Amino acid sequence: QVQLVESGGGLVQAGDSLRLSCTASGRTLSIYAMGWFRQAPGKEREFLASMHWNPTYTDYADSMKGRCTISGDNTKNTVYLQMNSLKPEDMAVYYCAASQYGTSRHSSLYDFWGQGTQVTVSA
C-alpha cells in the first residue's frame, strides 16, 4: 500500500501563487507516476498534471498549461504542483494520486489517492 498526504492548500487572493505538496509513504518503489487532480463542488474530478519518475515526463491539462508546473523530488518521495495567477474558478479540493503503471489523464488509472487539500481563491 501507498499513503499520500497533500499539504499547502489554503485561502489566497486572485492572482496569487500557491505550491501544493504531496508526500508518499509505504511501498513507494511501486509508484511509477504521480498526478494532480481537483474537484469543485458539483463537478467531476478534473485532471491537472502528471509526471513519470524515470524517465522524467510531464503532462498537463490544456487548461493548466502555462499556469502550473509539476515537479518532484524522488529522494523525498514528494511531488509538487506550483500554481500561478490563481482565479476564483480554481477553487476546489486538490488531490494527489499515484499510479503503479504510468502517467494518465484518467483518474480511474490511479491506484492510490490522498485525502485532498482545499484551495480557496477570493476575488
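Over the ring of which residue does the charged end of Arg19 sit? I looked this up before anything else. The ring belongs to Tyr80, and the charged end of Arg19 is 4.1 Å from its centre. I note here that the model is predicted.

I then turned to Arg45. Arg45 lies over the face of Trp113, with 4.7 Å to the ring centre. I checked the exposure of Trp113 as well: it is partly exposed, at a relative accessible area of 27%.

**Aromatic pairs**

I found five aromatic pairs in the structure. In one of them, the ring centres of Phe37 and Tyr110 are 5.2 Å apart and the planes stand at 80°, so I recorded this pair as edge-to-face. Phe37 belongs to strand E4, and Tyr110 to the loop between E9 and strand E10 (112–113), so the pair ties together parts 73 residues apart in sequence. I looked up burial for both partners. Phe37 is buried, with a relative accessible area of 1%; Tyr110 also counts as buried, at 5%.

I next took Tyr95 and Trp113. This aromatic pair is edge-to-face too, with 6.4 Å centre to centre and 80° between the planes. Tyr95 sits in strand E9 and Trp113 in strand E10, so far as the chain goes 18 residues apart, and the pair links distant parts of it. Tyr95 has a relative accessible area of 15%, and it is buried because that value is under 20%.

I then asked which residues join into a cluster. Phe37, Phe47, Tyr95, Tyr110 and Trp113 form one aromatic cluster.

**Asp59**

I placed Asp59 in strand E6, residues 57–60. Is Asp59 buried or exposed? Asp59 is buried, with a relative accessible area of 15%. Its side chain makes a polar contact of 2.7 Å with the side chain of Arg105. Setting aside neighbours within four places in sequence, I listed its contacts as Phe47, Leu48, Ala49, Ser50 and Arg105.

**Largest nonpolar core**

I counted 35 residues in the largest nonpolar core; Leu4, Met34, Trp36, Leu81 and Met83 touch the most other members. Several strands each supply at least two residues of this core, among them E1 (2–7), E3 (18–26), E4 (33–39) and E11 (117–122). Which strand gives the largest share of this core? I found that E9 does, with five residues.

I finished with Leu4. Not counting residues up to four places away in sequence, Leu4 touches residues including Cys22, Ala24, Met34, Cys96, Ala98, Phe112 and Trp113.

Notes
Residues are numbered from 1 along each chain as its sequence is written. This is a predicted model: local features need pLDDT of at least 70, side-chain atom pairs count only at pLDDT 80 or more; totals for chains, interfaces and linings use all residues. Side-chain values use heavy atoms; hydrogens and water are left out. A nonpolar core is a set of buried Ala, Val, Leu, Ile, Met, Phe, Trp, Tyr and Cys residues joined through side-chain atoms within 4.5 Å. Buried means under 20% relative accessible area, exposed over 50%, partly exposed in between (1.4 Å probe, protein chains only). Helices (H or I, at least four residues) and strands (E, at least two) are DSSP runs, numbered from the N terminus. Contact means heavy atoms within 4.5 Å. A polar contact is a pair of N or O atoms within 3.5 Å; within protein, one must be able to donate a hydrogen and the other to accept it, and residues adjacent in sequence count only if both atoms are side-chain atoms. Rings of Phe, Tyr and Trp (its six-membered ring) pair if their centres lie within 6.5 Å; planes under 30 degrees apart count as stacked, over 60 as edge-to-face and the rest as tilted. A charge sits over a ring if NZ of Lys or CZ of Arg is within 6 Å of the ring centre and within 35 degrees of the ring normal.
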